Amino acid sequence: MDKNDPDYHMNEPKMEKDYSESLAALLPEVEQLASGGQIPQALEKLHALEKKTRSAGDLASTSQLLVRIVSVCGDSRSWALLEQEVAAMAKKHGQLKQAIARMVQSAMEYVDKTPDEQTRVELIEALRTVTEGKIHVEVERARLTRMRVAIYEQKGQIKEACDTLQEVQVETYGSMDKREKTDFILEQMRLCLAKRDYIRLAIISHKINPKYFQTDGTEDLKLRFYELMIQYDLHEENYLEVCRHYKQVYETKGIKDDTAKWPAVLQNMVLYLVLSPYGNEQSDLLHRVQKEDHNLEKLELCAQLAKGFTTMELTRWPAVESIYGGEFRKTDVFSAQTEDGNKRWMALRDRVIEHNIRVIAKYYTRASTLRLSELLDLPSDDVERFLSKAVVDGTIYARVDRPAGVVNFAKPSDSEEQLNGWASDVSKLLGL
């Protein structure tokens, strides 16, 4: 619920008496005592009036008094006293929720003014303890947690940083702004990636609805989200999803309008698309990219490679290696310097061989294994392995006769299908 919503304050007691005049008279006296170093005396006077304003339900005066208590301690650099006062005031019987929220907000302003890291951590932890389990200060607790996590990360304690940030479930916060909430979840995802906790990263990613990125002013969040998802799906070797993520990045206005950025993104999108295992979705997307995106024509090699996979003609691997190897082996996708790059280059070889098997199955009813070895540039054992995979995936029909060394690609038809075929042929003949 929004703190500005009138219903938010419905549980606060009604004001019985207005202490604003008493407060105005007290503040100069407190200021004089605090400036003179008489902190205990200043706090004593503030406590006395705070008890009265709290009992009377005077929210405005109570809030000002709590903020003044914080400033007296903070301005005098009495950090331990500040922690004690905040904890004590929050526990007072009948303390007003909005007054606590304003006190915590005021205390948070002093976090960056602490003299050293230890004092900063102690103050943050004290404020986190005060805000724990309280809905009216849930946003403040989330922000304090991010401060604590930043310190963990600076010290290289990634596991502690990740675990601490996971404690906060911002998706349930009604009082937090949608942008801040999304930013917080992206931080959780980033730390999960740094910790290599890919399962949790995948779970957290579902808390973000990609439709939110259609809102104006969310482009930076969108790019961060898809960058993290690209890293995740690369680890899972889910290349079709990686392609989709790059497609979302490519369609972002700031990327598509920048001639220095879109070529690299479009190239990655196409390369991961051809790396994806063959299927209806992959084939459909590949054809659509070729027909609808005229920018692809400006990337000659990418367009040529994509065309090779949509044309039902044999594409020999040695030819692919000689044409594309020099250029693509320098990219991050197929980098010759990394293990992942070499692995993906071998995956591209597999995609080329699988494409060639589909072409052969379309034009041949049967072929010898020796002939297939020549066409696919593979040893006979590897030919059978790739054939078996294609049959299991359901992309082709094939039966291998090992003794005869023959592969049958024609699917046998039953008597009903044969009769229908003959009837169709007779109808065509009579029509002619």
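Select Y397 to start: this residue is found in the loop between α20 (380-393) and β2 (399-401). Helices (H or I, at least four residues) and strands (E, at least two) are DSSP runs, numbered from the N terminus. The model is predicted: local features need pLDDT of at least 70, side-chain atom pairs count only at pLDDT 80 or more, and totals for chains, interfaces and linings use all residues. Residues are numbered from 1 along each chain as its sequence is written, and side-chain values use heavy atoms, with hydrogens and water left out.

**Around Y397**

Stay on Y397 and show its surface. Its relative accessible area is 22%, so Y397 counts as partly exposed (buried is under 20% relative accessible area, exposed over 50%, partly exposed in between, with a 1.4 Å probe and protein chains only).

Which residues does Y397 touch, not counting residues up to four places away in sequence? Select N408, F409, A410, K411 and P412; a contact means heavy atoms within 4.5 Å.

**Two loops with positive phi**

Move to R196, in the loop between α9 (178-195) and α10 (198-205). Phi of R196 is near 65°, a positive value in a residue other than glycine. R196 is exposed because its relative accessible area is 62%.

Then go to E237, in the loop between α11 (219-235) and α12 (239-250). E237 is not a glycine, yet its phi is positive, at about 60°. Is E237 buried or partly exposed? With 39% relative accessibility, E237 counts as partly exposed.

**The whole chain**

Zoom out and colour by secondary structure: the chain has 21 helices and 3 strands. The chain has a radius of gyration of 34 Å, whereas a compact globule of 432 residues would have one near 22 Å (taken over C-alpha atoms; the globule rule is 2.2 Å times the number of residues to the power 0.38).

Colour by accessibility next. Of the 432 residues in the chain, 45% are buried. The accessible surface is about 23,600 Å², and carbon and sulfur atoms account for 49% of that (Shrake-Rupley method, 1.4 Å probe; for residues, only the protein chains shown count as cover).

Last, show the contacts: among those between residues at least 6 apart in sequence, 60% join residues at least 24 apart.
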